[in-house]
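Dear colleague,

Please find below the structure that I am handing over to you. My notes on what was found in it follow directly after.

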Amino acid sequence: MSIRPVLDPFALVPELDSRHLINGELVAPISGKCFDVFNPATGKVIGKAAEGNARDVDLAVMAAKIAQKDWAERPARERGKLVAECGRVLTAHVEELGRLIALESGKALRTESRVEASVLADMFVFFGGLASELKGETVPFNPNMMTLTTREPVGVVGAIIPWNVPLLLMAIKVAPALVAGNSVVVKSAEDTPFTVLRVCQIMQQVLPKGVLNILSGFGPGCGGPLVEHKDVKKVSFTGSVETGRIVYRAAAEKLIPVTLELGGKSPMIVMADADLDKAINGAVGGMRFTRQGQSCTASSRILVHESLHDAFVTRLKDRVNALKMGDPLDEETDIGTIINRKQRDKICGYIDIGEQQGATKHELSALPANDSLKDRLFVRPVIFTDVKPDHRIAREEIFGPVACIFKFKTFEEALELANDSDFGLAATIWTTDLKTALQATKRLDAGFVQVNQNLVVQPNLSYGGVKLSGLGKEASLESMLEHYTHKKTIILNME
Ligand code: ADP
């Protein structure tokens with residue numbers, strides 16, 4: 001039966017309410033327990049999500065383990081074709097998924113949610129085409145021995161995802177894992193369970209039962225047992241550094257490999273010779289103001305040459321002031337809400353700390369005029385100037401619409417400031433001088449360095465950080481080979 005897009009997200013949620021997806025079926029949690037999911041823009045409950053526990057995890061992992069055997073036996077290109085077909089089927093649901101993610105995450109539909117929904121489908125099509133790259137090698141070990149390597153799937157993969165870009169971050173785990181012959185159990189984030197569940201439901205039209213399963217629930221109660229399950233042979237996690245450490249420790253007990261995509265405090269360097277228009281655009285996009293700064297790659301430390309500093313600040317303020325905050329589902333809205341109250345309080349706490357430590361606060365844009373939205377989780381974007389490198393707002397990940405602007409004199413000073421961070425996810429430099437650009441790409445400590453642009457995750461560009469930003473890469477061919485297969489060495493002695 002083919003699933004038709006449902007464009008009204010309020011009508012779609014009841015279909016997905018209180019359910020996991022295990023072995024191809026939407027099922028109730030074994031405990032019968034569920035939790036409320038809110039529309040962050042209004043504070044109203046939109047539905048209930050199944051509260052997964054160790055028993056649900058066991059059921060899902062069992063289904064995945066059984067399904068993986070047949071799945072791995074299929075020719076690689078057949079798996080690839082099915083994964084690419086998932087992408088094509090999902091393309092028909094872009095509008096539906098965009099609206100649903102806007103409803104549950106608070107991200108504006110036009111500027112963020114619809115964009116994410118369309119990138120999702122592309123990731124499945126991209127990885128589906130890579131199946132025949134699962135190649136081995138022959139090794140000139142001994143003329144009388146045929147020596148070769150093959151790429152073998154690892155088995156059942158546990159994928160734990162966050163709420164900020166759940167569709168894309170699920171896709172860059174699920175698509176390569178499946179193509180490589182693994183089966184997957186996903187644990188969705190508490191605040192955004194419905195859209196990813198819907199995606200998995202849509203994919204069931206194409207995939208064999210049990211190959212892709214999804215559970216909702218809380219971190220320790222559902223994510224923990226997934227990582228610890230004896231039959232989960234690999235974990236791919238995106239989230240906070242603190243939880244990343246917990247996941248890494250649990251994986252270490254079982255000695256299984258992990259991929260960790262954690263936080264960031266990404267620098268953006270604007271040199272004196274930069275094209276100011278481009279740099280301003282880059283700061284608005286790079287800081288993800290339209291996503292309320294809720295991005296691990298957000299350019300939250302903007303380093304501007306002293307000769308441009310004042311003009312840069314004035315123009316950036318004008319641009320951010322022109323962004324409209326409002327109902328995420330309204331096409332006119334540029335900026336939606338913060339995901340939940342805890343996150344809002346954390347962001348507001350950092351804004352207070354910034355002021356207390358002596359930085360100058362510029363509060364921008366305006367809260368929505370609509371009374372029913374006014375008291376909700378909207379936080380006005382903030383730019384801080386006069387920030388010192390040791391201020392907490394300059395060092396800790398805020399995950400909100402708060403950018404720190406620094407002034408520098410020399411290139412060396414800029415590089416030193418940029419690298420003075422526990423994180424190393426992304427960095428950009430804005431300059432028209434080739435030598436400066438090349439030197440910066442070499443010397444910036446980050447997994448993803450861009451000159452005069454600020455793109456997000458792209459198919460086939462390895463994505464992942466250094467230092468506290470994590471371990472391993474995602475989104476590329478190399479990520480599929482290195483993180484979702486193991487290399488087997490085979491010798492045939494013909495003497
Ligand atoms: P945030 O603070 O933004 O919610 P987390 O890193 O806590 O970030 O969450 C990212 C994902 O990790 C979510 O799906 C969450 O449920 C899950 N998670 C949280 N705690 C644990 C844990 N102890 N074990 C496994 N997963 C967890």
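In these notes, a residue is near a molecule if one of its heavy atoms lies within 4 Å of it. Please also note that the model is predicted.

I begin with the ligand. The shell around the ligand holds 17 residues, and Ile161, Lys187, Glu190, Ser240 and Thr243 come nearest. By class, this shell has seven nonpolar, eight polar and two charged residues.

Which backbone atoms approach the ligand? A backbone N or O atom of isoleucine 161 lies 2.8 Å from an oxygen atom of the ligand. A polar backbone atom of glycine 219 is 3.5 Å from an oxygen atom of the ligand, and a polar backbone atom of glycine 224 is 3.5 Å from a nitrogen atom of the ligand. The ligand taken alone exposes 550 Å², of which the protein buries 81%. Two or more residues of the shell are given by each of helix H8 (219-228), strand S10 (232-238) and helix H9 (241-254).

Most residues other than glycine have a negative phi. Arginine 288, however, has a phi near 55°, a positive value in a residue other than glycine. Arginine 288 is found in the loop between helix H10 (276-286) and strand S13 (301-305), and at 5% relative accessibility it counts as buried. Phenylalanine 399 likewise has a positive phi, of about 55°, although it is not a glycine. The loop that holds phenylalanine 399 runs between helix H14 (392-395) and strand S16 (402-408). With a relative accessible area of 16%, phenylalanine 399 is buried.

Finally, is arginine 376 buried or exposed? Its relative accessibility is 19%, and buried means under 20%, so arginine 376 counts as buried. Arginine 376 is found in the loop between helix H13 (371-374) and strand S15 (382-385). Leaving aside its neighbours within four places in sequence, arginine 376 is in contact with Pro40, Ala41, Thr42, Gly43, Arg341 and Arg344.

With kind regards

Definitions and conventions
Residues are numbered from 1 along each chain as its sequence is written. This is a predicted model: local features need pLDDT of at least 70, side-chain atom pairs count only at pLDDT 80 or more; totals for chains, interfaces and linings use all residues. Side-chain values use heavy atoms; hydrogens and water are left out. Helices (H or I, at least four residues) and strands (E, at least two) are DSSP runs, numbered from the N terminus. Buried means under 20% relative accessible area, exposed over 50%, partly exposed in between (1.4 Å probe, protein chains only). A polar contact is a pair of N or O atoms within 3.5 Å; within protein, one must be able to donate a hydrogen and the other to accept it, and residues adjacent in sequence count only if both atoms are side-chain atoms. Accessible areas come from the Shrake-Rupley method with a 1.4 Å probe; for residues, only the protein chains shown count as cover. Ala, Val, Leu, Ile, Met, Phe, Trp, Tyr, Cys and Pro count as nonpolar, Asp, Glu, Lys and Arg as charged, and the others, Gly among them, as polar. Contact means heavy atoms within 4.5 Å.
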